[in-house]
Amino acid sequence: MIETLEWTLLDGEHALLVKGDMRRARERFDSAYAQAAQRGEADALARAALGLGGMWVHEHRTAAAAATVRVRQRDALSQLDAGSPLALRLRIRLAAEDDYRTGRQDAIMALVSEARAAGDPVALAEALSLAHHCVPGPDDGARRMELARELIGVASRTGRRSDLLIGLLWRAADLLLEADPHAERALGELRSALDGEGQQAIEYVAGAIEVMLSTRGGRFEHAEERAAACYERGLAAGDHDAPGWYVRQLAAIRWYQGRIGELVPLLTDLLNSPMLPALDDSPYAGLAVAAAVAGDRRLAEGMLARLRRGVLADRPRTSTWLMSMYAIVEAADLLDDADLAGRAAALLVPYAALPVMTSPGIVCFGSARHSLGVAAITTGELDLAVAHLRRAVHENLALGHWPAVTLSRSRLGQALALRDGPRDERARRQLALAAQEAGTLGMHVPRHVAERVTCRQAGPRWRVELGARTALVDHCVGMLHLAALLANPGREIPAAELAAGSPDSVPAQASAQRVLDGPAGRAYRNRLAQLDAEIAELEANHQPRQAQERRAERDWLVAELASATGLAGRPRAFGCGEERARTAVGKAIRRAVDRVAIADPVIGEELRATVRTGLRCSYDPG
């Protein structure tokens, strides 16, 4: 029986450390634990309990499985001499699991120091690797790299190949997370070390990193094929991260393809999976942006409401935190939530120089400055947006992340167009380049820039809009003419028809037009009725100044109507002078455009560039 127990333990250790077969290792250690408990073999019980912890932290995802392993490890520890190497290794494992679950790192780092002092290379290697899991946030890059570097050195003393492979893996991942230009060289060193005898668990992680690199290179079909194959390898190795990593990699591909909305069902399923770490909020953020793209505003806002209590609160920065913030900013932009975008940007500023990446480098969304630029667009800080997005383009070029370069160019074009107008040469150049790159990569770049000016009445004023820009303009007769042109882009309307207020009702060749007939006349009379109601309400509410303003406009309208009608209130003919119509309408439209320009110079300049007056008037946004 003892020989059988030792063989079971050795088989489990071989499966875990040599083959990287976590599924078989769990089965063998579970069997060994039962045998050791039955025989009362304390050392064997401790070895089995240690093996049940696995290679990484938090391998047992369900509450029941994690609690069972924790109880077994504590029970095994209680039966050992407190000063033995096995006891130290069990304390390291228990501390790492507790720190990872709560987002702390103090206990495991103290045990790293204790393992150094104890002089046991195996205990130190395990402490270094497990501690690396417990410092996952964007603030911890330097500490992670020190742990990985020390682990590579200690591996020469343990005699265990898996320690060297894990150290090389962590080093490659850490360099990727810091946007180090030598990261792929480090990944190549890991690949060389893996040649020969396979190690399923580490090969799975290395393969997931290579999926990210394919996506970053814009090779979407290749990346999707590799992601599916990598998922199967992860399942075969018994890695519980396989489903979540696959969904994240697919989401990155679909995001750049403009198809993220298709993943709402898949992300919803992932959200409810017990395989996710407790502190991982990224599925909420991913579902928020996917739902916003799909047009499900209620679902998107529901997910963001949950995130306000987690990612956006004072919670530990996890390995998925930057990815969550990226999705939050994009969802806030889609929902026009400037407050949320501003809050997210304030949290992101310290990490502007980092790439948005999920440890250990399985998904990358490019420079964090891209998110800061998008947030600034949403909050209307256009100079800041331009500055962030210019840097994002350069940093994404340095990463070799071509889809991110394309999106940042597109957003830079948007920011320039919003700030300087859609006809700005720099804006047009960036948008054209982004469109060209998107076509080459097979990407979908959203059309962020509205090229048409629109206007509508808003009480006593007119609301003129160009994309995110808005100008509120007092009513004047020229605004009626301008509204008719903006509602018919590309169409030439005779000035006489605009003066008559009925572009459709009178033949273009008529020599006399009826003034204030048709839609324009009705607009005047509707406004007169609206003013009467507003004056009565303001007087009832004891607001004499506002009432006097409305009364002045009413008197002007009454005079306009009186001058435009003849005996018995019949519409007066404009006369047979088309030149008179051209002069009057042109002056009225130019005065209206001047009012718009005072309220918003960019919209005003756009109207001056696109509105034509003369015998025939038009709005041609090009």
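A: One place to start is helix α13, which gives the largest share of the lining of the largest pocket, 4 residues. Keep in mind that this is a predicted model.

Q: What is the volume of that largest pocket?
A: The volume of the largest pocket is about 800 Å³.

Q: And how many residues line the largest pocket?
A: The lining of the largest pocket has 47 residues. Nearest its centre lie Tyr 100, His 133, Pro 136, Pro 277 and Ser 319.

Q: Which helices each supply at least two residues of the lining?
A: Those are α2 (22–39), α5 (85–102), α7 and α13 (242–257).

Q: Let's take His 133. Where is it?
A: His 133 is in helix α7, which covers residues 121–133.

Q: Is His 133 buried or exposed?
A: His 133 counts as buried, because its relative accessibility is 14% and the cut-off for buried is under 20%.

Q: What does His 133 touch, leaving out residues up to four places away in sequence?
A: His 133 touches Trp 56, Val 57, Tyr 100 and Trp 170. Val 57 is 76 residues away from His 133 in sequence, yet their C-alpha atoms are 6.6 Å apart in space.

Q: Changing topic: where is Asp 163?
A: Asp 163 belongs to helix α9, residues 161–177.

Q: Buried or exposed, that Asp 163?
A: Asp 163 is buried, because its relative accessibility is 5%.

Q: Which side chain makes a polar contact with the side chain of Asp 163?
A: That of Arg 160, in a polar contact of 3.0 Å. Not counting residues up to four places away in sequence, Asp 163 also touches Ala 125, Leu 151, Ala 155 and Thr 158.

Q: Now strands. What is the order in the open sheet of 3 strands?
A: The order is β3-β4-β5, and the pairing is antiparallel. From one strand to the next, the twist averages 25 degrees.

Q: Which helix packs on the sheet?
A: Helix α23, residues 477–486, packs there and touches β3, β4 and β5. The direction of α23 makes about 35 degrees with that of β4.

Q: Back to the strands: how many bridges pair β3 and β4?
A: β3 pairs with β4 (residues 461–466) over 5 bridges, in the antiparallel sense.

Q: What is the bridge partner of Cys 455 in β4?
A: Cys 455 has Val 464 as its bridge partner there.

Terms used: Residues numbered from 1 in each chain as written. Predicted model: local features only at pLDDT ≥ 70, side-chain atom pairs only at ≥ 80, totals over all residues. Heavy atoms only, no water. Buried < 20%, exposed > 50% of the residue type's maximum accessible area, 1.4 Å probe, protein only. Contact = heavy atoms within 4.5 Å. Polar contact = N/O pair within 3.5 Å; in protein donor to acceptor, adjacent residues only side chain to side chain. Pairing = 2+ DSSP bridges. Axes fitted to C-alpha atoms, helices over the stretch in contact; angles between N-to-C directions. 1 Å grid on protein atoms, 1.4 Å probe; cavity = no way out; pocket = protein on both sides within 12 Å on 5 of 7 lines; lining within 4 Å. Points joined across faces, edges and corners; volume = space filled by probe spheres on them.
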